[in-house]
Structures are given as C-alpha cells and as structure tokens.
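Hello,

Here is the structure I promised to pass on to you. Please have a look at it first, and then read my notes below.

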Amino acid sequence: NHAKFIKITPEDVEQHIKENKEWASGPDRLQITKFVEANPTASVKATDMTEYINVRGGRSAWDPPAMRALSSLLTFPLTLAYGLSKIFPEEHKIETLNVLVVGARSESSLPMVWWREMLCANSSAVTHNIRMVGPGLQQNKSVYKTATTSVDIKPFYSEANKSLSLVNNYTVTADKKLHNDFSALHEHPDLNKLLRWADVFVLFNPGYGNDTLKALWEPTMHQLLHTHKPILCTAYGEHDLHRDLQALDRISSAEDHQ
C-alpha cells in the first residue's frame, strides 16, 4: 500500500547519468560519507525515504545526485526495516530475529555500514541476524564470514542496544561454486537447517513470475510456502508485482495462503 511508482523517460535517465558523473567527481560526494559515518543514537520516525534521509542526515536539502545515491544505497536496509516492522510490530518484543535473504544478488555486496541503517529505521527486534543465499551472491568486502555491528538505540522493552549480524560465506576462491550459499535454496545442502533457522524469508525483486525465471524459482517457492513462515517480497514496478502475484497464486495451495 506504500508503493509509489515513478515513470522516468530515457531523456531523464541520460540527464541523471550526466549529473551523477559530474557530482561523483566533485567534492560534494563527501555528503554521502558524512551521512553514513554519523553514528545513529535514536530511531528515525519517517513515512518515506526522503523524510528518513533528511532527518538522519540532519539537513532538509540535498543535491539531486546525492539523493539518488543515498536512495540507491538505502533501498535494501530501509525496505527490510519497514517490512519487518509490519510483520513483527515492536509490541511483540522480539529479542532475536533471523532473516534469510533468498536469491540474493546486488544486496549481498552492500557494505555493512549501510545495513546498519535498518537498526535506526524502526526495525522491530533487538538482535537481527541476516544470512543470504543464491546463485547470484556477490562478494562483500566488508564482511569476512560474519560481521557484527550495533547502535546506541534500545527498544522500549530491552536494556540492550540494537545489533546486526551479517553472515557472508561467499568469498573469492578458484571455484566460487564450492561455497554452499552460492546455490539456489532448494539445492542448498543445509536446506532444512536454514528453513528451521529463519523467522522470515526476504526476496528482493525476485521476478519469479517472469517466464524465464519461473522454473528456477518454483521449487524454492514451494519450500518457503510449506514452512508457513512470513515471506517479504518486493518488485521493481506494478507490472512485476502483478506478474509475481499471479505466479504465486498458481503455485500456492489453499493451505499455503492461510
């Protein structure tokens, strides 16, 4: 219900690319560094990303290229924080939340310091454990095996600071496919263990309704649906959203919908 889709013309894209290149080569790019290096000490109550960026960054105006860069970097952590706050409201008083990102691609390369933003974006638990799997898994240079961070923010029901643990089993080797997490979830050797471990499954723009991806996603979707655990999915736009929902209807049983 919060989705807002904006149509951008090819001319807009060309202009944005030009502006972004000019901005990235100038001193104003340091706005991004200052934003993320500022240690959060309070939760940010915001209704959209623009408000979050303004409140968190302590300013009301940003250069358009800076706003686009921040929006791109914050999309995954803020989307996850928003989704978790809806699935697990703070009044549930959750101490630990295990999040399995399935079919991870570009989000797996996002530096840890940006994932930290979800802790001040009204995320719902005290401790968040995130693990990512998928054939499109990318190297994350900020994480070796497991990285942990925290912020000086406490939920109303806890004396402990909010913390985040990010597991990254994918590192560069001669054969990256030797890593277990570099596989589709339904083919993962620890499939049952991961399904039991996760409290929620997250699929960022999976496109499982796409004809070319449907056969790859269907076995994994069946595994997820049979757990009867929450699944958080996002889409690139209205067309993708409608197509994915149609595909979900096709592969779901009445029991899966309950």
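Val 13 sits in helix H1, which covers residues 10-24. This is a predicted model, so please read everything here with that in mind. With a relative accessible area of 40%, Val 13 is partly exposed. Together with Ile 8 and Ile 17, Val 13 makes up a nonpolar patch on the surface. The accessible area of these three residues together is about 250 Å².

Next, the salt bridges. The count comes to 5, and I will walk you through some of them.

Glu 19 pairs with Arg 68, and their closest N and O atoms are 2.8 Å apart. How accessible are the two partners? Glu 19 is partly exposed at 24% relative accessibility, and Arg 68 is partly exposed at 24% as well.

Another salt bridge joins Arg 56 to Glu 117, again with 2.8 Å between the closest N and O atoms. Here too, distant parts of the chain are linked, with the residues 61 apart. Arg 56 is in helix H3 (residues 49-57), while Glu 117 is in the loop between helix H5 (112-115) and strand E2 (125-133). Are these residues buried or exposed? Arg 56 has a relative accessible area of 10%, so it counts as buried, the cut-off being under 20%. Glu 117 is buried too, at 0% relative accessibility.

Arg 243 and Asp 240 also meet through their side chains in a salt bridge, at 2.6 Å from N to O. Both residues lie in helix H8 (residues 238-251), 3 residues apart, which is about one turn of the helix. Arg 243 is partly exposed, with a relative accessible area of 22%, whereas Asp 240 counts as buried at 17%.

Finally, a word about a pocket. The second largest pocket has a volume of about 300 Å³. Its lining is made of 16 residues, and Gly 103, Pro 135, Ala 184, Leu 216 and Trp 217 lie nearest the centre. Which helix gives the most to the lining of this pocket? That is helix H7 (residues 211-227), with 4 residues. Sorted by class, the lining of the second largest pocket holds 9 nonpolar, 5 polar and 2 charged residues.

Technical notes: Residues numbered from 1 in each chain as written. Predicted model: local features only at pLDDT ≥ 70, side-chain atom pairs only at ≥ 80, totals over all residues. Heavy atoms only, no water. 1 Å grid on protein atoms, 1.4 Å probe; cavity = no way out; pocket = protein on both sides within 12 Å on 5 of 7 lines; lining within 4 Å. Points joined across faces, edges and corners; volume = space filled by probe spheres on them. Helix = DSSP H or I, 4+ residues; strand = E, 2+ residues; numbered from the N terminus. Nonpolar A, V, L, I, M, F, W, Y, C, P; charged D, E, K, R; others polar. Patch = residues over 30% accessible without salt bridge, like charges linked within 9 Å, V, L, I, M, F, W, Y side chains within 5 Å. Areas by Shrake-Rupley, 256 points an atom, 1.4 Å probe, with all protein chains shown as cover. Salt bridge = Lys/Arg side-chain N within 4 Å of Asp/Glu carboxyl O. Buried < 20%, exposed > 50% of the residue type's maximum accessible area, 1.4 Å probe, protein only.
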